Amino acid sequence: MFFYVLTAAVRIAWEPFLKEFNVDLFLAGHVHVYERTLPVYDNVVYNDYEDRSVYVNPSAPVHVTIGTAGAAIVDLWEIEPDWLAFRQRSYGFGYMDVHNATALTMHFVCNAASGISDTFTIIKE
């Protein structure tokens, strides 16, 4: 419950700015897990893509939490909300390929799996 209250406070404070300035990707850490959302605003999914690894012209930010280095992995998640695209409880790191001014691909590399466990692309047309 603590994490939900903490993230709700952050969401309420920052989300209007992300929407106003057309932010497509929001990267965060601290919570020790890897998690990626669908485009979401005010807990409402704005684009529910059939292929959840490619977002074309998302109308709300995609949120990525990469807090998987250092401290113990958090395993306190009780729910899987509608806006969840991918979640993994393991150590790892992320990296991004910026293809051009309108497309990027982000990867999460899981230490335990010795390879990429999540990949997604955002394209603006």
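Is Val 10 buried, partly exposed or exposed?

Modeller: Some ground rules first. This is a predicted model, where local features need pLDDT of at least 70, side-chain atom pairs count only at pLDDT 80 or more, and totals for chains, interfaces and linings use all residues. Residues are numbered from 1 along each chain as its sequence is written, and side-chain values use heavy atoms, with hydrogens and water left out.

Val 10 is partly exposed, at 38% relative accessible area. Here buried means under 20%, exposed over 50%, and partly exposed in between (1.4 Å probe, protein chains only). Val 10 sits in helix α1. Helices (H or I, at least four residues) and strands (E, at least two) are DSSP runs, numbered from the N terminus.

Val 10 belongs to a nonpolar surface patch with Trp 14, Phe 17 and Phe 21. Together they have about 450 Å² of accessible area, by the Shrake-Rupley method with a 1.4 Å probe; for residues, only the protein chains shown count as cover. Patch members have over 30% relative accessible area and no salt bridge; nonpolar side chains (Val, Leu, Ile, Met, Phe, Trp, Tyr) are joined within 5 Å, like charges within 9 Å.

Next, the salt bridges. A salt bridge is a side-chain nitrogen of Lys or Arg within 4 Å of a carboxyl oxygen of Asp or Glu. The structure holds 3. Asp 24 pairs with Lys 124 at 3.2 Å, N to O. Asp 24 lies in the loop between α1 (2-20) and β1 (25-28), and Lys 124 in the segment after β10 (115-123), so the pair ties together parts 100 residues apart in sequence. Lys 124 is partly exposed, at 32%.

Glu 35 and Arg 87 also pair, with their closest N and O atoms 2.6 Å apart. That pair links strand β2 (residues 34-37) to strand β7 (residues 84-88), 52 residues apart. Both Glu 35 and Arg 87 are buried.

Arg 36 meets Asp 118 at 2.7 Å, N to O. This joins β2 to β10 across 82 residues. Arg 36 is buried at 3%, and Asp 118 is buried at 4%.

The largest nonpolar core has 13 residues. Such a core is a set of buried Ala, Val, Leu, Ile, Met, Phe, Trp, Tyr and Cys residues joined through side-chain atoms within 4.5 Å. Those with the most contacts inside it include Leu 25, Phe 120 and Ile 122. β6 (62-66), β9 (103-110) and β10 each give two or more residues. β9 gives the most, with 4.
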